[in-house]
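Please read it beside the structure shown here.

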Amino acid sequence: MTAFEPGIDFAAALDSADALARYRRAFDLPREGSKGLVYLCGHSLGPLPKSARRAVEIELDRWAKLGVEAHFQGEDPWYSYHERFAAPLARLVGAHADEVVAMSSLTVNLHLMLATFYRPQGKRAKIVIERGAFPSDRYAVQSQLRRHGFDPKTHLLELQGARVSGRETRLLQTGELELMLAERGDEIALVLLPGVQFLTGQALALDEYARIAQRYDCRIGFDLAHAIGNVPLELHDAGADFAVWCSYKYLNAGPGAIGGCFVHRRWHDRGDIPRLAGWWGHDPATRFALRDEIAPMAGAQAWQLSNPPILAMAPLAASLAIFEAATLRALRKKSVRLTSYLEALIEHELGERVAILTPRAADARGAQLSVRIDIEPARLDGVRRALRAAGVVVDWRGDDVLRLAPAPLYNRYRDVHFAVKALRRALGPA
């Protein structure tokens, strides 16, 4: 931050000047009895938008009143319900509306994308991921390799970034991918990387990675679980072939919420593209004709399998309405300041007792800061319990890496101040 003071009055002044402060009231934030908690865990599960409760009730009422006819009657008929998500999601990921679709869950969508874009041919059969990939992505890729008869031990290649050792973090670097593809590009069919790395909080320059992959004729996709609703994205202009995401983190759509996909327009009209199919990917004008051959919908909607789970989608509609009102541009501006304030306060209050593992540059990170606690291992459990007893909800990875994510929609500067002070008390005397 250009200006910083460690006291609570400075945090309160920042809150008073916050043009987005009113959106905090749009959420039911976790509590213990009458005590509100400081919730810095939106990178794991976002809180409940108050309007989500009513959104679900509306669909329950329509189900009770109309039954099956709710598919075609009312303001938002279920038959076309998923279409309302295309425009707001496109704005969040930097895409055209026909390039995105809300459907299924993240790992299901990843399998659907791999079924299309992982097309091994001869020597070109390997997949590249990062060493620190989230396990579900790794499992999906391993299973796809095995499905094609390949051994992941030989056909799954890894970039060595996103590793944490002591006070040091090894981050993902475009140069590592460039070097790997320069040496082995003719063996590699597909590259899968995160938009924001879940452990370190590093935000990747997607356009740079996409250019490198495509220079060597490799398909490239991104897992945006920790990126969507967190950092600005420009998937279409970046040239990504595909992307997948969940909606229960920064999008606040609830546990197990509907996921989403992006498929670049250049793939939409390809008659030779393989795709796993289901009846909801059929042209809606003739879907109920129940024909023997599918007539795919236009754009990303063609990858749909089954009719959408309305009760699971309603909370996402409520949350996206908040994003539309607040605007991602304004949220990002606040997020940069809020995370910078967290960084400055950690350095001031905790000094050498912790190590910030997340990149320092604002354009290389989102809301999350990952912090390694530098104390004796035997004391770590006590620190975790003390921090939670103080009313601070955070996320731990491993024994000593703490992830804090002040989300601009509902977190205050005073929340950050309280959390850092509580962590200092939990650590005890230096």
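**Note on the model**

1. The lining of the largest cavity divides into 7 nonpolar, 2 polar and 1 charged residues. For these classes, Ala, Val, Leu, Ile, Met, Phe, Trp, Tyr, Cys and Pro count as nonpolar, Asp, Glu, Lys and Arg as charged, and the others, Gly among them, as polar. Residues that line this cavity include K249, Y250, N252 and F323. Its volume is about 70 Å³.

2. This is a predicted model, in which local features need pLDDT of at least 70 and side-chain atom pairs count only at pLDDT 80 or more, while totals for chains, interfaces and linings use all residues. Residues are numbered from 1 along each chain as its sequence is written, and side-chain values use heavy atoms, with hydrogens and water left out.

3. The protein chain contains 13 helices and 19 strands; these are DSSP runs numbered from the N terminus (helices H or I, at least four residues; strands E, at least two). Because a compact globule of 430 residues would have a radius of gyration near 22 Å, the 23 Å of the protein chain agrees with that expectation. That radius is taken over C-alpha atoms, and the globule rule is 2.2 Å times the number of residues to the power 0.38.

4. There are 3 cavities of 30 Å³ or more. On a 1 Å grid over the protein atoms alone, a cavity is a set of points where a 1.4 Å probe fits but cannot get out, and a pocket is an open set with protein on both sides within 12 Å along at least five of seven lines; lining residues have an atom within 4 Å of a point. The second largest cavity has about 40 Å³, and among its lining residues are R332, S335 and A367.

5. The largest pocket holds about 320 Å³. Of its 23 lining residues, L106, F134, D223, A225 and H226 are the closest to its centre. β11 (188-194) is one of the elements that supply at least two lining residues, and β11 gives the largest share, 3 residues. By class, the pocket lining has 12 nonpolar, 5 polar and 6 charged residues.

6. Where does F288 lie? F288 is in the loop between β14 (260-263) and α10 (310-326).

Methods
Grid points are joined across faces, edges and corners, and a volume is the space filled by probe spheres set on the points.
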